[in-house]
Structure formats: structure tokens, C-alpha cells
Amino acid sequence: MTTSFSTIGFIGTGAITDAMVRGLMADPPAAARILVSPRNAETAARLAADFAAVEIAPDNQAIVDAADMVVLAIRPQVAADVVRGLRFRPGQSVVSLVAAVDRETVQSWIGTPVRLTQAIPLPFVARRSGATAIFPPDDQAAQLFAAIGTPVECTTRDEYQLLAAASALMATYFGIMDETVRWLGAKGLPDAAARTYVSTLFSDLSVSARETDMPSFAELSRDYATKGGLNEQAHADFRRHGGAAALTAALDRVLARIKGEPF
Ligand SMILES: NC(=O)c1ccc[n+]([C@@H]2O[C@H](COP(=O)([O-])OP(=O)(O)OC[C@H]3O[C@@H](n4cnc5c(N)ncnc54)[C@H](OP(=O)(O)O)[C@@H]3O)[C@@H](O)[C@H]2O)c1
């Protein structure tokens, strides 16, 4: 698949830019030319070394000047200062990845009215997989993220913020795996066996969740729990000891933070 962009520019060359560029440059490439900012120097140098179409721009303004589409991939803490210092073209396509900062705020930093979309690409875009939430719906942004996974266009800010909250569960997912591997290790299982077993178990469970035709995950959960069996017992204990409550409380607090409310 190709995009309609000849030049895509990234302000901020960190983890998510690395993933997006690797996805875009996979075979067949989905962008003719990619400009990345000199920071982080190491990541930028690696991308430029790996792909002939990736160039390191001298500074952020050179990226905005040359790019058809600009991707803002800097951390929220520095985003206002970085973006306020740049001059964009009226109507230029800009995709903001900056977490927990709404579109109106980013537009106010930019000043000039631009075609501004927010998006939440996940690291899986590096292998052209995974869902990317986009708000508001935008053909160009959808085309960009269709090249490196599956865009999910949100029609309201509330929908987008809910998906942003759900995307904050990645570390918890791996955290559950880590706790399990550590528990197995503490009980005497060699680490390699524990990791192989747990990663394969979770991978197969995720595939089952994706492919199920059951109307809810609650039914899937019941389907995997023999009446009076070990899975039923573990799930009941998890809920009784506050596992489910901890999960929803974490989501509530993340959502409040995303909405700019006290959390
Ligand atoms: N990682 C994800 O999965 C993910 C997913 C969706 C959205 N996001 C959002 O995307 C943004 C970037 O996340 P990330 O994980 O890629 O963060 P990151 O790895 O910390 O990358 C941010 C990069 O910005 C660079 N930077 C700092 N100041 C700069 C400046 N003045 N000009 C240009 N670059 C500058 C940093 O360079 P130095 O290392 O030299 O300081 C760093 O390499 C965040 O707002 C995050 O919330 C991330």
C-alpha cells in the first residue's frame, strides 16, 4: 500500500517514531521520504542507517517546511514549547500523538489553522499490526495508519478518550505476565520454562479473544472455566481480592487524567 504523502516528517524521534518509521519502511515501503528530527540522536541515526528514504533534518522547522504531513511525537512535558516555536503552513496536515493533550490545545500552540488529527499508534505498527485510534475522522490520517495497521476512526472526543484509556493497559498486561513468571520462579520453575509457558498461554488467549464469536468476553471467560474447576476458582479469588476493582479504578483514573480532570 502507498500513501499520498511524498514526505512525512516526525518531530521527536523516540520509541513511537521508531515503530512508525519501521512500519512505513517495511516492504513494500509506504512513504517516499521520511524526515526525522535529530533528537534522539541515536534513534535517528539508526533509522537513517537502516532506510535510505529516512533523512535526519537539521532541526524541527526544516521538517515542518519540507513535510506534507507532520507527526508530533514528543512527550507532553516538552510539547507546548516545541510546537509553539514552529511555523506551520495553513491547512498543513498534522497528526498529534501527544498523549493527554486535547486537539484544541495543540491547535492553540500551532496558531495557524491546520488539518489536525490526534492518533494513538501502538508499538505494533512497527510490524504493520495493531489498531490506531484517530480523532476526528480524517482521510489522510486514516490512509497513513492503514498502511501500518488498522485505523479506528472516532467520531467523538469521548470515544477517542475511552480508547486512549484502554491503551494504557499495555504495561499492566505485561505486568500480570511478569508477576506470574516471578511466582513460578519463586516456586522453583526455571525462568526460561516459565517465560515460554506464560507468553504462549497469553498469546493463545489473545488470539481466542480476537477470533471468538461469543457475544461478550464474560462468556468467553465462563467458557474457559470448568464448573468448580481451577480457572473458576482463580477468577473468583482475583475478583474477591480486588483484582477487578483495581483494574476499573486504574481505568477511571487514567480517563480522568486524559480528560484533564483531577486524578
Ligand atoms: N510509545 C508509545 O507507544 C506511544 C503511543 C502513542 C502515543 N505516544 C505519545 O507519543 C509521544 C512520544 O512518545 P515516545 O514513547 O516516542 O517518547 P520518547 O521515546 O521519549 O520520545 C520522545 C523523543 O522526543 C525527543 N525530543 C525531546 N525534545 C525534543 C525537541 N525539542 N525536538 C525534537 N525532539 C525532542 C526526545 O529526544 P531525547 O531522547 O534526546 O530527549 C525523545 O527521543 C508522547 O507524547 C507519547 O505520549 C507514545
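Two strands are said to pair if DSSP finds at least two bridges between them, and the close-up views below, taken from a predicted model, begin with strands of this kind.

**View 1. Strands S5 and S6 pair in the parallel sense.** Strand S5 (residues 93-96) is joined to S6 over 4 bridges, and within S6 the bridge partner of Ser96 is Gln118. Between S5 and S6 the chain passes through helix H5 (residues 103-110), and this β-α-β crossover is right-handed.

**View 2. Strand S6 and strand S7 (residues 131-135) pair in the antiparallel sense.** Because 5 of the 6 residues of strand S6 (residues 115-120) are buried, S6 is largely enclosed by the rest of the structure.

**View 3. Thr150 lies in strand S8 (residues 150-153).** Thr150 has 14 other C-beta atoms within 10 Å and is therefore partly exposed, since a residue counts as buried at 20 or more such atoms and as exposed at 12 or fewer. Although Thr150 and Thr132 are 18 residues apart in sequence, they are 6.1 Å apart in space, C-alpha to C-alpha.

**View 4. The shell around the ligand holds 24 residues.** Of these residues, Gly12, Gly14, Arg39, Asn40 and Ala99 come nearest to the ligand. The elements that give two or more residues to the shell are helix H1 (15-24) and helix H4 (76-84). Sorted by class, the shell is made up of 15 nonpolar, 7 polar and 2 charged residues.

How values were computed:
Residues numbered from 1 in each chain as written. Predicted model: local features only at pLDDT ≥ 70, side-chain atom pairs only at ≥ 80, totals over all residues. Near = placed C-beta within 6 Å. Nonpolar A, V, L, I, M, F, W, Y, C, P; charged D, E, K, R; others polar. Right-handed = clockwise from strand over helix to strand, strands pointing away.
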